[in-house]
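Let's take a walk through this structure together. Have your viewer ready, and we will stop at two places.

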Amino acid sequence: MATKLNLQHLKAFVRDQELAAMAPQVEAAHRLLEERSGPGSDFLGWVQLPKEYDREEFARIQAAARKIQSDSDVLVVIGIGGSYLGARAALELLRSPFYNNQKKSTPDIYFVGNSISPDYLNTILALCEGRRLSVNIISKSGTTTEPALAFRVFRELLEQQYGKEGARSRIYATTDKARGTLKELSDREGYETFVIPDDVGGRYSVLTAVGLLPMAVAGIDIQQVMEGAAAAVDELSCPDLMQNDAYRYAACRNILYRKGKRVELMACYEPAFALMNEWYKQLFGESEGKDQKGIFPASVIFSTDLHSMGQYVQDGSRILFETVVDIQRPTQDFFIKDDPENLDGLNFLSNQQMSVVNRKAMQGTVLAHTQGGVPTMLLEVPEINEFEFGYLVYFFERACAISGYLDGVNPFDQPGVESYKKNMFALLGKPGYEAQKAALEAQLG
Ligand code: PA5
């Protein structure tokens, strides 16, 4: 059993013929992917990765994770964007959003280098004080400012704490196999390195060492993650639109977009999915949002956000469609007891599992939102485990690539990300940016 797409509630918005009419376009997009003939075809290493990954490196990841578990109380994971979101999403979904606060035999994991906030950095440094540390620096380019800055701080800390030699055996670098400042530094210092393959872009890299090492340190069974993803490769490589749920999902998104539904709201009724939402937003936002096009990826956790965003979804601008990640079984249910006094009037909920209440909330909301003009798709995930996580990751990756090709964009580049960096470097006086500095400062007034 793995993730299935349920289009039952979409019928009032997308007719069967409309979906069927997408078949030729979807087949063309499928060919671009499989024949490696579309834009961005240098970045298709993720397509077969779950089946063709480097087994020797995988074993090294597992060995490094065991070592970190045995000699560290804390693993500091340094990275940003695609070099961080997947690992954090996996940790929160498969272990817990409260992982660090739980009793456990694995190290705490803190994520840094994903902002430039001094307050955030100081907080993590304080949490690390007096504890045995290891660091996993993750950067494909090796030059991204946020993680590079954080690494400078933690490298110094490790060297103070353990000496240069000791620090060396506690720093793990996940980066390009040959290029970049981080690779050079790692080779010079003798850090253990893991590779982000040339043909796997940041946001498609969660199933490489980028995601796998932090996951393994947290005790997540990464073998099962890869098996789930490999099952998805088998099921979701089928060119037939009607047989391929990732393609049906991509086609429906495209139809809805053309009907003016410019925002996809990813909704889940499990708070542990919040970081998966963030990962999804990067994957689709960076892949589709270009050439002045693209669905805006947004997200909510329900029922939490029904009390904040619910009004807009039900009744605001009709620019939304909703994709509900329906996790069908909780990891551990909670029995709601009867209260003979019933002062709170809640005895209509008594003597049943809380998951039943959550499910009824979901069903009621889906009907209300559909009634209110929000097209809704359900992604039915049988339960949360490593296999399903791997499957879901690949499902979204595949759907995202096909969505991008249906939209006529290159789903594997991100030219727009450079603009803020150029301005920031100029304003900070980085050598080489002198010409822009004065002009930008004049604009700031
Ligand atoms: O998807 C992407 O390419 C980006 O989000 C990158 O992952 C992010 O900018 C970090 O880049 P790097 O791994 O080179 O430090």
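We begin with a pair of helices and then turn to the ligand.

A word on the ground rules: this is a predicted model, in which local features need pLDDT of at least 70 and side-chain atom pairs count only at pLDDT 80 or more, while totals for chains, interfaces and linings use all residues. Residues are numbered from 1 along each chain as its sequence is written, and side-chain values use heavy atoms, with hydrogens and water left out.

Start with helix H4 (residues 55-71) and helix H9 (residues 209-217), which pack at an angle of about 35° with their axes 8 Å apart. Here helices are DSSP runs of H or I with at least four residues, numbered from the N terminus; axes are lines fitted to C-alpha atoms over the stretch in contact, and angles run from 0 to 180 degrees between N-to-C directions. On the H4 side, the contact (heavy atoms within 4.5 Å) is made by Glu57, Phe58, Ile61, Ala64, Ala65, Ile68 and Gln69. H9 contributes Ala209, Leu212, Leu213, Ala216 and Val217. By class, these residues divide into 10 nonpolar, 1 polar and 1 charged, where Ala, Val, Leu, Ile, Met, Phe, Trp, Tyr, Cys and Pro count as nonpolar, Asp, Glu, Lys and Arg as charged, and the others, Gly among them, as polar.

A polar side-chain atom of Ser83 lies 2.6 Å from a ligand oxygen atom, and a side-chain N or O atom of Glu286 is 2.8 Å from an oxygen atom of the ligand.

Notes:
Helix = DSSP H or I, 4+ residues; strand = E, 2+ residues; numbered from the N terminus. Polar contact = N/O pair within 3.5 Å; in protein donor to acceptor, adjacent residues only side chain to side chain.
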